[in-house]
Amino acid sequence: MGLTAALELARRGVPVRIVDRLAEPTTESRAIVVHARSLEMFERLGLVDRLIGAGVRTTAMEMHSDGEVVARIALDLVDSPFPFSVTIAQTETERILTEALAEHGVTVEREVTLTGLTQDEHAVRVVLEHADGSEETVSTGWLVGADGAHSQARKLVGSTLAGKFKGERFLMGDVDADHDLDPHSMYTFFAPHDGPLLVFPMQGDRLRLIANIAPDEERTATQEWLQQVVDERAERPIRIRDSRWLTVFEVHHAQVPEYRVGRVLLAGDAAHVHSPAGAQGMNTGIQDAHNLAWKLALVGTGQGSPALLDSYHAERHPVGAEVIQFASALTRVGTLVNPIAQKLRNKGMHLLTSLAPVRHAMADRTEETAIAYRKSPIVVQGRGGGELHAGDHLSAAGPELRAALAGTHEHVLLTVAGSDSAAAPAPVADVTVRQLLVGAYDTAPTGYDAVFADPDGRTAARYGLPNGGRIMVRPDGYIAAIAPLDEDSPLHTYQALLQA
């Protein structure tokens, strides 16, 4: 999360420091699944090809019980240029981000611990302790606390996690194993007398195994124990050869009440914690960081007011709450112990997932492509747009337009022309905007940064703008405002909200 925020700021030319108390990058793979919406974000960072190349494309989820597949969800149902997840060790994800950050002249300062923090309306003053015991006092405009579930930043601003603290316990291992699993699927095995076993194939013969265990289980993680659990729960042969990492951990379902505390912004596990069900923790944190960083960049360059940062909490806190609710529900469903309840679960899942709308909804929920900010205080809905609303994520129509939208860290004003008489570029002030035109025309108007042909009106139809319109796209790919061609007020209202 911290790496993502630092990279997004650095590539916008905003001075940034990133510190880590660890002497070296962690060797623990931790979170391993990057979902479609996060891949779209990595495309904006220019890193998606590196990420996909270092991982395995995962195109389906399967749930097994009593020797049967009770549900199978194809992830390619989602409306995304990346209709899949990538299963990749977090160490690899962090390596890719760290290398990209270094390309912008920023390196992680290691063995540096945050020990003190005070703030006022003008600045944050932090005390950093270095490996040699020396202390450094730093004054900065803003501090992003992306320092994990035991966040020191959260503690120093007086914030606490609130939620369910009777946590689930899990046995987890990254192993090399002999198996016949489809490497492009994720698996959940519901055991009748124990908790579920989650299996994620990774590159080569590597697997991530996560097993829910009894809350009072105090054993040390061993390969023998993990193999025993796998033998008891998996309905496919899995023989562990070597263990890369074994651990027992406990998770809670909790969230801070405010993501912004003055000039301190909390992100990722510092702001929300929950079970690994759904594999959405890291993705939520990465998207927290991306949502926050472009706003911080505008504030830092004077194109946005500090009040703009309130929208970070307004947009991301509900997402964190929904992820916690989703993970909690999946955990409850997976840990049913009553045999009758288990049979009802299995039959219900099989019946529901036979319905196309349910499969689509589950794929969207898993891949996080359903996330939208329609209730955000900084989006403006004008006339038109059909099913497309301000606050939705904009899926580009066609590879050329997609590349243009993803290849910038600025706002984009997309004009969709309803005929060959496309309007001239809209007047935009105060915020840097690239203006793109899509339309059916003989001679395209001048003044646009790029023009894309749409002779059949497919783009206009896709966006619900048969008579044309304008879409202001934020740097994170979400729609800031929608307006018809004859109405500029939603665009001006949005710009005013940035400065309010």
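# Exercises on a predicted model

Apart from residues up to four places away in sequence, Ile 378 touches Trp 294, Lys 295, Leu 308, Ser 311, Glu 315, Arg 474, Ala 480, Tyr 494 and Leu 497; contact means heavy atoms within 4.5 Å. The model is predicted, so local features need pLDDT of at least 70 and side-chain atom pairs count only at pLDDT 80 or more, while totals for chains, interfaces and linings use all residues. Residues are numbered from 1 along each chain as its sequence is written, and side-chain values use heavy atoms, without hydrogens and water.

**Exercise 1. Which residues of α7 and α8 meet, and at what angle do the axes cross?**

Step 1. The axes of α7 (281-300) and α8 (residues 310-334) come within 10 Å and cross at roughly 175°. Such axes are lines fitted to C-alpha atoms, for helices over the stretch in contact, and angles between N-to-C directions run from 0 to 180 degrees.

Step 2. The two helices are therefore roughly antiparallel. That label applies to angles over 145 degrees; under 35 is roughly parallel, 65 to 115 roughly perpendicular, and the rest oblique.

Step 3. From α7 come Thr 284, Gln 287, Asp 288, Asn 291, Leu 292 and Lys 295, which meet Ser 311, Tyr 312, Glu 315, Arg 316, Val 319 and Val 323 of α8. By class, this contact has 4 nonpolar, 4 polar and 4 charged residues. Nonpolar covers Ala, Val, Leu, Ile, Met, Phe, Trp, Tyr, Cys and Pro; charged covers Asp, Glu, Lys and Arg; the others, Gly among them, are polar.

Step 4. Take Leu 292 of α7 as an example. Its relative accessibility is 0%, so Leu 292 is buried. Beyond four places in sequence, Leu 292 touches Val 144, Leu 265, Leu 309 and Tyr 312.

**Exercise 2. How many cavities of 30 Å³ or more does a search of the whole structure find, and which residues line the largest cavity?**

Step 1. The search finds 1 cavity of that size. A cavity is a set of points, on a 1 Å grid over the protein atoms alone, where a 1.4 Å probe fits but cannot get out, and lining residues have an atom within 4 Å of a point.

Step 2. The volume of the largest cavity is about 90 Å³. Grid points are joined across faces, edges and corners, and the volume is the space filled by probe spheres set on them.

Step 3. The lining consists of Arg 37, Glu 40, Met 41, Gln 287, His 290, Asn 291, Arg 316, Tyr 373, His 393, Asp 476 and Tyr 478. Two or more of these residues come from each of α2 (36-44) and α7. The lining divides into 3 nonpolar, 4 polar and 4 charged residues.

Step 4. In α2, 9 of the 9 residues are buried, so this helix is largely enclosed by the rest of the structure. Gly 46, with a positive phi near 80°, follows α2.

**Exercise 3. Which residues other than glycine have a positive phi here, and where do they lie?**

Step 1. Most residues other than glycine have a negative phi.

Step 2. One of the exceptions is Asp 66, with phi near 55°, in the loop between β4 (60-65) and β5 (68-74).

Step 3. Another is Glu 368, with phi of about 65°, in the loop between α10 and β20. Glu 368 has 1% relative accessibility and therefore counts as buried.

Conventions:
1 Å grid on protein atoms, 1.4 Å probe; cavity = no way out; pocket = protein on both sides within 12 Å on 5 of 7 lines; lining within 4 Å. Helix = DSSP H or I, 4+ residues; strand = E, 2+ residues; numbered from the N terminus. Buried < 20%, exposed > 50% of the residue type's maximum accessible area, 1.4 Å probe, protein only.
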